Amino acid sequence: MPLATHHFPTDTTAPPVILLHGFASSAAEDFIATGWIESLHRAGREVIALDLPGHGESPALTSAAEATTSAVLDAIASAIDTITPAGPIDVVGYSLGARLAWDLPRHSDRVHRLVLGGASPFEPFAAVDATELAEALRGGTPAHPLAGMMAGMISAPGRDTASLARLIPGLASEPFAPEQQAPRVPTLLVAGSSDPMTQGIEALLAALPHGSLTHVPGDHRGALDSAEFRSCAIDYLAA
């Protein structure tokens, strides 16, 4: 499954930085339009921003098999190897991108450092009933409000609703289990000071053999866009 890649090269010997965006978003929305590319370039870093399957400019998901966590991670690793075939890489992931980046070292031995922002220790997609989600997408009122919230997210203008509706149960079929196998590479966790999505993030920190945690201003969206997040991520990757 090929993914859309946005490559921003620069003359450097430092590992390229891979950017992985959040659910129902895109590389353009989360990183390109928010100052991340310019900040990383000023720090002398090559940047590769990926659109996850069914997001942004990447192809639609046409089957359940393409939507599993393992399939998505394999697609990410393949896209990275295609555009930069050798050497270490650093990864910045946000929200769903952080959840996927947590497991990426098991799919690519090239990961050097991780910065994971807006990460939750819990699996949200497993709590979404597929029948209720379909009902909400048809305009009904699901019994569980989470299904209604997800339906609203994936049916917003510009979203590939069908692909995202496949991705939710696909990710849930291989739920996030951070306590089972944490990344062993140096990892920085970043949480917004007003972000309820990161409640309990200390459990992720405890699972990391080489981890640290910092808080930046903002809620789930505001933290991603903050200058403080960009600054601490760039400093950590340069260490």
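This is a predicted model: local features need pLDDT of at least 70, side-chain atom pairs count only at pLDDT 80 or more; totals for chains, interfaces and linings use all residues.
So, contact here means heavy atoms within 4.5 Å. Keep that in mind for a moment. If you take the contacts with a separation of 6 or more, residues 24 or more positions apart account for 74% of them.

Okay, overall dimensions. The C-alpha trace spans about 55 × 35 × 35 Å along its principal axes. As for burial, 51% of the 239 residues count as buried. The exposed surface comes to about 10000 Å², and carbon and sulfur atoms supply 55% of that.

Now the fold itself. We've got ten helices and seven strands. The seven strands make an open sheet, and the order is E1-E3-E2-E4-E5-E6-E7, with mixed pairing. At the edges you find E1, residues 5–8, and E7, residues 211–216; each has a single partner strand, so one side of each is left without a neighbour in the sheet. From one strand to the next, the twist averages 20 degrees.

E1 and E3, which is residues 47–50, run antiparallel, and four bridges join them.

H4, residues 96–103, lies across E2 (17–20), E4 (89–94) and E5 (111–117), and it runs at about 140 degrees to E4. Then there's H10, residues 227–238, which lies across E2, E4, E5, E6 (187–192) and E7. Relative to E5, H10 runs at about 160 degrees.

Last stop, helix H6, residues 145–154. Which of its residues are buried? Leu146, Ala147, Met150, Ala151 and Ile154. Look down the axis of H6 and those buried residues fall within an arc of 140 degrees, so they line one face of the helix. And what covers them? The cover includes H5, residues 130–137, and H7, residues 161–172.

Key: Residues are numbered from 1 along each chain as its sequence is written. Side-chain values use heavy atoms; hydrogens and water are left out. Two strands pair if DSSP finds at least two bridges between them. Helices (H or I, at least four residues) and strands (E, at least two) are DSSP runs, numbered from the N terminus. Axes are lines fitted to C-alpha atoms, for helices over the stretch in contact, and angles run from 0 to 180 degrees between N-to-C directions. Buried means under 20% relative accessible area, exposed over 50%, partly exposed in between (1.4 Å probe, protein chains only). Accessible areas come from the Shrake-Rupley method with a 1.4 Å probe; for residues, only the protein chains shown count as cover. The arc is that of the directions from the helix axis to the C-beta atoms.
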